[in-house]
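Please take a moment with the sequence and the structure shown here before reading on. The paragraphs that follow go through a few places one by one.

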Amino acid sequence: MSVPRLRSVLRPCCLLAVFAFRFASTFYLPGLAPVSFCEKKPSTDSDCKIDIEIFVNRLDSVESVLPYEYTAFDFCEETKEKRPSENLGQVLFGERIEPSPYKFAFKVKQECVPVCTKSYDSEKPAEKQQLDFLKKGMLLNYQHHW
């Protein structure tokens with residue numbers, strides 16, 4: 001097939017695809033499904049939720065090339081182990097999604113709710129090491145990936 005003939009066939013197909021995408025009203029991202037939220041407690045037959053689950057992935061820094069898992073630092077952790085399902089790409093790239101202790105409800109205003117309190121004894125070598133690691137992370141500007 002010659003190049004001009006190929007162009008004359010592909011051009012209408014491309015235009016049709018562009019117009020089809022322009023008028024589409026939905027989208028799909030692999031690994032994500034839409035979730036409906038309600039303002040009040042949902043009834044048993046409803047598919048909507050009131051609690052917003054927050055997950056953490058990893059911490060990284062623009063000042064360091066070494067990423068850390070959320071559990072590497074001595075942060076507050078979720079007591080129940082409810083890990084979300086991960087797709088193959090996340091597993092191959094080493095992304096481990098963890099549940100976070102942060103709790104939010106849909107359209108419920110909350111201000112300054114403490115998650116937990118930690119204290120360190122600098123006389124104990126293990127706790128001093130944890131505190132020094134946490135300070136180093138702050139100095140290198142490590143940030144969460146939610």
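**Charged pairs and a buried loop residue**

Lys109 and Glu111 are joined by a salt bridge, in which the closest N and O atoms lie 3.7 Å apart, and both Lys109 and Glu111 are exposed. Side chains of opposite charge can pair when their charged atoms come close. The model is a predicted one, and it holds 5 salt bridges, including the one between Lys109 and Glu111.

Another of these bridges links the side chains of Lys49 and Glu53, at 4.0 Å from N to O. Lys49 counts as partly exposed because its relative accessibility is 33%, and Glu53, with 39%, likewise counts as partly exposed. The side chains of Arg58 and Asp60 also meet in a salt bridge, again at 4.0 Å from N to O; here Arg58 has a relative accessibility of 27% and is therefore partly exposed, while Asp60, at 25%, is partly exposed as well.

Asn57 sits in the loop between strand E1 (51–56) and strand E2 (58–60). Is this residue, Asn57, buried or exposed? Asn57 is buried, because its relative accessible area is 12%, which is under the 20% limit for that class. Apart from neighbours within four places in sequence, Asn57 is in contact with Tyr70, Glu95, Arg96 and His145.

As for confidence, the protein chain has an average pLDDT of 79, and 77% of the residues score at least 70. Where pLDDT is low, the predicted coordinates should not be read in detail.

Note on methods:
Residues numbered from 1 in each chain as written. Predicted model: local features only at pLDDT ≥ 70, side-chain atom pairs only at ≥ 80, totals over all residues. Heavy atoms only, no water. Helix = DSSP H or I, 4+ residues; strand = E, 2+ residues; numbered from the N terminus. Buried < 20%, exposed > 50% of the residue type's maximum accessible area, 1.4 Å probe, protein only. Contact = heavy atoms within 4.5 Å. pLDDT = per-residue confidence, 0-100.
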